[in-house]
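Good morning, everyone. Please look at the screen while I walk you through one chain.

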Amino acid sequence: KDGEPELRAQWMAPVITSQHDPAMVYLGFQFVFRSTNRGETWERISPDLSGNDPSQMLPKSSSAIPYQTIVALAESPLKPGVLYAGTDDGRLHVTMDGGKAWTDLTSSLPVRKWVSRIVPSRHTEGTVYVTLRGREDDDFAPYIYKSTDHGKTFASLAANIPAGSVNVIREDPTSANILYAGTDFGAFVTSNGGRQWQVLGGNLPSTQVSDLQVHPRDHVIVISTYGRGMWAMDALEVRAAHGSSR
């Protein structure tokens, strides 16, 4: 509307459908928007969750991708109205009431980097995983964090993962101790909640894993790469090798 700031969004702006209401959709710019009718109408449910620093924003004439935007959105699969948002300038927020009030969790993160993924646990309410990556600072260290109190405190799970920015983390649907991570150099799995990691998939090239999903019905691990490749693994075999037979 007139007088309102222009919207800023990444070319892969996060869009998610609620796991509790299939007609509800969330969208991330510098604000979080929500639709309750499959996108026919939208309402803004957050303030600007980025740093909102004009010195970090590109001029209107620039054709480059905007900065200071929301790049990760995630809703709790266990509790409606619990929504997390992360930005490209390292800020993290949570709302416990569907957007009426937002809590800034940024100071709880040990480092401030591009928030590459937020994954609320499907096993335990209040547990959430956050991965971070360097933006343009040549920082390729792995950053994986876990909170058990809705983001008030975080602990590192990077353990023995070698250098490589982390793009995604996922829980196994059958066990909270089995986690999968995709980095710029491949995929990794842990069976003890992140205390130690092993390489996932011996024939997967050393390539950037951009996303990873575990199909809960078909028990298939699906990996996508930045090289536009798709890879699949039998999750049952991985679980058997790591102490879970389901």
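I'll start with the whole chain, then go to the sheets, and end with single residues.

First, the ground rules. This is a predicted model, where local features need pLDDT of at least 70, side-chain atom pairs count only at pLDDT 80 or more, and totals for chains, interfaces and linings use all residues. Residues are numbered from 1 along each chain as its sequence is written, and side-chain values use heavy atoms, with hydrogens and water left out.

Now the overview. The chain has one helix and 19 strands. Both are DSSP runs, numbered from the N terminus: helices are H or I with at least four residues, strands are E with at least two. The radius of gyration is 18 Å, close to the 18 Å from the globule rule for 246 residues, so the chain is as compact as a globular protein of that length. That radius is taken over C-alpha atoms, and the rule is 2.2 Å times the number of residues to the power 0.38. Along the principal axes, the C-alpha atoms fill a box of roughly 60 × 40 × 35 Å.

How much of the chain is buried? Of the 246 residues, 51% count as buried. Buried means under 20% relative accessible area, exposed means over 50%, and partly exposed is in between, with a 1.4 Å probe and protein chains only. The chain exposes about 12200 Å², and carbon and sulfur atoms supply 50% of that. Those areas come from the Shrake-Rupley method with a 1.4 Å probe; for residues, only the protein chains shown count as cover.

Next, contacts. A contact means heavy atoms within 4.5 Å. Take the contacts with a separation of 6 or more: residues 24 or more positions apart account for 42% of them.

On to the sheets. Two strands pair if DSSP finds at least two bridges between them. Strands 1-2-3-4, in that order, form an open sheet with antiparallel pairing. Which strands stand at its edges? Strand 1 (15-17) and strand 4 (43-44) do. Each has a single partner strand, so one side of each is left without a neighbour in the sheet. Strand 2 (residues 25-28) and strand 3 (residues 32-35) pair in the antiparallel sense over four bridges. There, Val25 stands opposite Ser35 in strand 3.

Another open sheet of four strands runs 9-10-11-12, again with antiparallel pairing. Its edges are strand 9 (114-120) and strand 12, each with a single partner strand, so one side of each has no neighbour in the sheet. Strand 9 pairs with strand 10 (residues 128-133) in the antiparallel sense over six bridges. Val119 has Tyr129 in strand 10 as its bridge partner.

A reminder on strands in general. In a regular strand the side chains alternate between the two faces of the sheet.

Now look at strand 13. Seven of the seven residues of strand 13 (residues 166-172) are buried, so this strand is largely enclosed by the rest of the structure. A hairpin joins strand 13 to strand 14 through two residues. The two strands pair in the antiparallel sense over six bridges, with strand 14 covering residues 175-183.

Stay in strand 13 and find Asp172. Asp172 stands opposite Ser175 in strand 14. Is Asp172 buried or exposed? At 0% relative accessibility, Asp172 counts as buried. What does Asp172 touch? Leaving out residues up to four places away in sequence, Asp172 touches His123, Ile178, Tyr180, Val214 and Arg239.

For contrast, go to Lys152. Lys152 sits in the loop between strand 11 (143-147) and strand 12 (155-156). Lys152 is exposed, with a relative accessible area of 63%. Again not counting residues up to four places away in sequence, Lys152 touches Leu105, Ser108 and Ser147. The C-alpha atoms of Lys152 and Asp104 are separated by 9.4 Å, though the two are 48 residues apart along the chain.

Last, some backbone angles. Most residues other than glycine have a negative phi. Ala159 is not a glycine, yet has a positive phi of about 45°. Ala159 is placed in the loop between strand 12 and strand 13, and at 47% relative accessibility counts as partly exposed. His219 also has a positive phi, near 55°. Where is His219? Look in the loop between strand 17 (209-215) and strand 18 (220-225). His219 is partly exposed, with a relative accessible area of 24%.

That's my tour. Thank you.
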